[in-house]
Amino acid sequence: MTRLIAILLALLPLTQQASAAEVTTFTLNNGMDVVVLEDHRAQVVVHMVWYRVGAADEPPGKSGIAHFLEHLLFKGTDDLGPGELSATVTRNGGSDNAFTSWDYTAYFQRVASDRLDLMMLMEADRMRDLEMSINDVTTERKVVLEERATRVDSDPGSLFREQRGAAQYLNHPYGIPIIGWRHEMEQLNRDDAFAFYQKYYAPNNAILIVAGDVSPQQVRELAQKHYGPLAPTPDLPVRSRPQEPPHLSQRRMSLSDQRIAQPYVSRSYLAPERDSGDQFKAARLKMLATVLGGSNATSVLGRKLQFESNKAIYVAASYDGVSLDDTTFGLVIVPPPDVSLQEAETALDTAIAEFIQEGVDPDQFARIKMQLRASQIYAEDNIESLAQQYGAALTSGLTVQDIDAWPDLLQSITAEDVIDAAREIFDLNNAVTGWAMPPATAEGDK
Amino acid sequence: MKRLFIVLGLMFMTATGAQAAVEVQQVTSPGGIRAWLVEERSIPFTALEIRFRGGTALDAPDKRGAINLMMATLEEGAGDLDAQGFAQAREALAASFRFNVYDDTTTISARFLTENRDQAMALLKTAIMQPHFDQVAIDRVRGQVQSIIRSDTQNPSRIGGSAFDEMVWGDHPYASSGNGTLESVTSLTRDDILDAYKRVFALDRVYVSAVGDIGADELGLLLDDLLGDVAMATTPLAPRATYQLEKGVTVIPFETPQSVALFGHAGITRDDPDFMATYLLNEVFGGGGFESRLMQEVREKRGLTYGVSTFLMPMESGELIMGQVRSDNARMGESIDVIRAEWAKIAQIGLSEKELEDAKTYLTGAYALRFDGNAPIARIMVGMQMADLPVDYIRTRNDQIRALTLADVNRVAVRIYQPDQLHFVIVGHPDGIETSN
């Protein structure tokens, strides 16, 4: 059974390994970093600009402004009318979009490789010359409120994750949703957006990634031509967010919502992220997550809870270390109808305690390492996904050297390292345990 | 950058764009299995797509969900291996096998390294030819399917889609979800699963494509070994489905701040001479991207939604043209008014010359961008075979689009868009809207 249960999808970032494909990097005189990933199999290029700013960099009370601004970047410049950038990309057979996370905001176009010049022309234009009418801002605010309704308010799984994130972080803005709290989104205005734009959108806060049918020399010339003349921002703020204090108390939450047809238990632990030059702890956690929950049939939790005890119809462990500040290690168990949430939670904790006693199965560990090696081969088939991984890593405090070192670091992790990581991470004082269920069972323990 | 406009104008007049440059080999194995192949030696793996014509629409009467459950249980024990043993063997080879089933198609997607290709294919063959369908595996997977069915009962988009299908297709299998219902799935026995297997695995209904580090001779031998023992079809394909829904509005009350509306009416078959014109019309009207008329009118100008789109559904036995929109309950009425007005407008006035030209530039330019990896190319090629398209379609497809005239397209707009047939299914509590004819 390979299909995931829909409500859980977003709990499970499926990270692939960056490959050893040919990568070229350089920096323009104005501080803009450039990464080129070559793949000449098709006449296609992906052009991306990643800004080292995201929702966790927002001023207090302005939640959602980073994402709202991302929408407004399509509303025109001194040279481009509202919507003209996307319309031009479309007329050239391409597609474009943008996305915002806590640590980055990125814009991309996917086009025939002979249109790269045009893409850079337009993307460079909106880095410094954004213009937007009050009318467009007002209309677009309605759009992002509808987006919140679609992505979050209509989906109890998203509401659950939002509440869990808020409980997880005592001080860090990772506890605030990227899209924003509704009451704050409703107040966001054009001045807020411009202030954020002028502070953070600059070549020395941006990374250009071009992947596909292009040579580093072509990219260098075009980037110099279009991005080179842009003035850097001299007083760019240092990225320093409020950090977490020690967590001294476990947090428990339950969300009851009629729309939760399939109850489940989730647990998230505050966890270290990948730090530049210091990725060992993160590598241990990545291997731990894979050993515990990487595959339904063969992982520790799948084997114990789905095959040996029938306490779960689905179970998973997740960890994605690409993050500027402290991240989380996640567990989830979906019990069958005859198993209560309390039984499921207990079974999950028991399974992990047993695992720490029993140690890592060497055959399973060898299979995981084989799959990691193969994933580097398969990753070369999807240059766009590779470009995404570079963008996310480079805007989360990592370097190309860190990305290159990661696959070998994972291979070097031992079974003992994994158990050490498990002993350290599974501290309930750092954890949020959440039950999601429909109201009818909210009083009992099912 | 004041000179931007001039530069833009020149750019899209002169640039030529990408050409889909794959070289397709038509392979016939020694045993007679036909396949399309693109040899791509630069990465040491192969993507293999296998499809059988016929999917969940071939479920036996009263056994709804059997084929879906069968496909989900296929790799839960096969040959000498139990479910965990099979997964361990696959992981040790770092191969990936995906088994899926849709209304009209049963699919197997495999990805495997060159270094252990023979072992990977031997393992896949056990799943295809010797699946155990052990009772314990069936029961475990049944629990997962039931969980999905339960979740769908609280998903407004699924609720709307199911209601639409039910009203449109009457007693045809298309009228209900291929997952089955909680009741039908609960009652499925191992014999039902064995029967479901025979319904869809048919050598005379197989279509194959491969892209990657493999040659024609190697592929032929591989296919004979992998599929040569599959039996011939015994179950007739699904009968023609009759569109049975009349115009109107159906409101399904559901507690949610934002309603979901599905809308549409009868569509057009894939082999209709007007299909390409319809495809272009849909792109302009509500296809992907920000540029469609509906995105411009409903989202960009009025902020009524985050997303609105329309799509063609040319299935084997019936066709729809459909769309979906989500708006706050308070504003769904306005969204629907705009969509109705646009539906009427495209039927009455059709496209402008500029819209036609822009759509041609987009569609012809975007086509090559689909061919961007071994697995995507394999999926495109197997889809072409099932749609009975010739190999040279990859080369001629853009010419077919360029050949469309404004008169063609606007004649087809009148034929396809039927504002007086439009039916909306709305899940939520949309202000001021009630079920009506």
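Which residues of α9(A) are buried? In α9(A), the buried residues are A:Ala282, A:Ala283, A:Arg284, A:Leu285, A:Lys286, A:Met287, A:Leu288, A:Ala289, A:Val291, A:Leu292 and A:Gly293. Buried means under 20% relative accessible area, exposed means over 50%, and partly exposed lies in between (1.4 Å probe, protein chains only).

This is a predicted model, in which local features need pLDDT of at least 70 and side-chain atom pairs count only at pLDDT 80 or more, while totals for chains, interfaces and linings use all residues. Residues are numbered from 1 along each chain as its sequence is written, chains are lettered from A and ligands numbered from 1 in the order in which they are written, and side-chain values use heavy atoms, with hydrogens and water left out.

## Helix α9 of chain A

Helix α9 of chain A covers residues 280-293. Helices (H or I, at least four residues) and strands (E, at least two) are DSSP runs, numbered from the N terminus. The 14 residues of this helix reach 20 Å from the first C-alpha to the last, close to the 20 Å expected at 1.5 Å a residue. The expected span is 1.5 Å times one less than the number of residues. Eleven of the 14 residues of α9(A) are buried, so this helix is largely enclosed by the rest of the structure.

## Where chains A and B meet

Contact means heavy atoms within 4.5 Å. In chain A, 67 residues are in contact with 82 residues of chain B. The area buried between the two chains is about 6,800 Å², and carbon and sulfur atoms give 56% of that area. Buried area is the accessible area (1.4 Å probe) that two parts lose on being put together, summed over both.

Between chain A and chain B there are 24 residue pairs in polar contact, with both residues at pLDDT 80 or more. A polar contact is a pair of N or O atoms within 3.5 Å; within protein, one must be able to donate a hydrogen and the other to accept it, and residues adjacent in sequence count only if both atoms are side-chain atoms.

On the side of chain A that touches chain B, the elements giving two or more residues include α2 (84-91), β4 (95-100), α3 (116-128) and α4 (134-153). The largest share of that side, ten residues, comes from α4(A). By type, the residues of that side divide into 22 nonpolar, 20 polar and 25 charged. Here Ala, Val, Leu, Ile, Met, Phe, Trp, Tyr, Cys and Pro count as nonpolar, Asp, Glu, Lys and Arg as charged, and the others, Gly among them, as polar.

A:Glu140 is in helix α4 of chain A and is buried, with a relative accessible area of 1%. Leaving aside neighbours within four places in sequence, A:Glu140 is in contact with A:Phe68, A:His71, A:Leu72, A:Lys75, B:Arg299 and B:Glu300. The side chains of A:Glu140 and B:Arg299 are joined by a polar contact of 3.3 Å. A:Glu140 and A:Leu69 are 71 residues apart in sequence, and their C-alpha atoms are 9.8 Å apart in space.

## Salt bridges

Side chains of opposite charge can pair when their charged atoms come close. A salt bridge is a side-chain nitrogen of Lys or Arg within 4 Å of a carboxyl oxygen of Asp or Glu. The structure holds 58 salt bridges over all chains, and the count between chain A and chain B is five.

| Salt bridge | N to O distance |
|---|---|
| A:Lys75 and B:Glu300 | 2.7 Å |
| A:Glu146 and B:Arg331 | 3.0 Å |
| B:Arg240 and B:Glu319 | 2.8 Å |

The pair of A:Lys75 and B:Glu300 crosses between chains, from the loop between α1 (65-72) and α2 of chain A to helix α11 (residues 293-300) of chain B. A:Lys75 is buried, with a relative accessible area of 7%, and B:Glu300 is buried at 17%.

A:Glu146 lies in helix α4 of chain A and B:Arg331 in the loop between β12 (319-328) and α12 (332-349) of chain B, so this pair joins two chains. Both A:Glu146 and B:Arg331 are buried.

B:Arg240 lies in the loop between α9 (216-227) and β9 (248-253) of chain B, and B:Glu319 in strand β12 of chain B, so their pair ties together parts that are 79 residues apart in sequence. B:Arg240 is exposed, with a relative accessible area of 52%, whereas B:Glu319 is buried at 10%.
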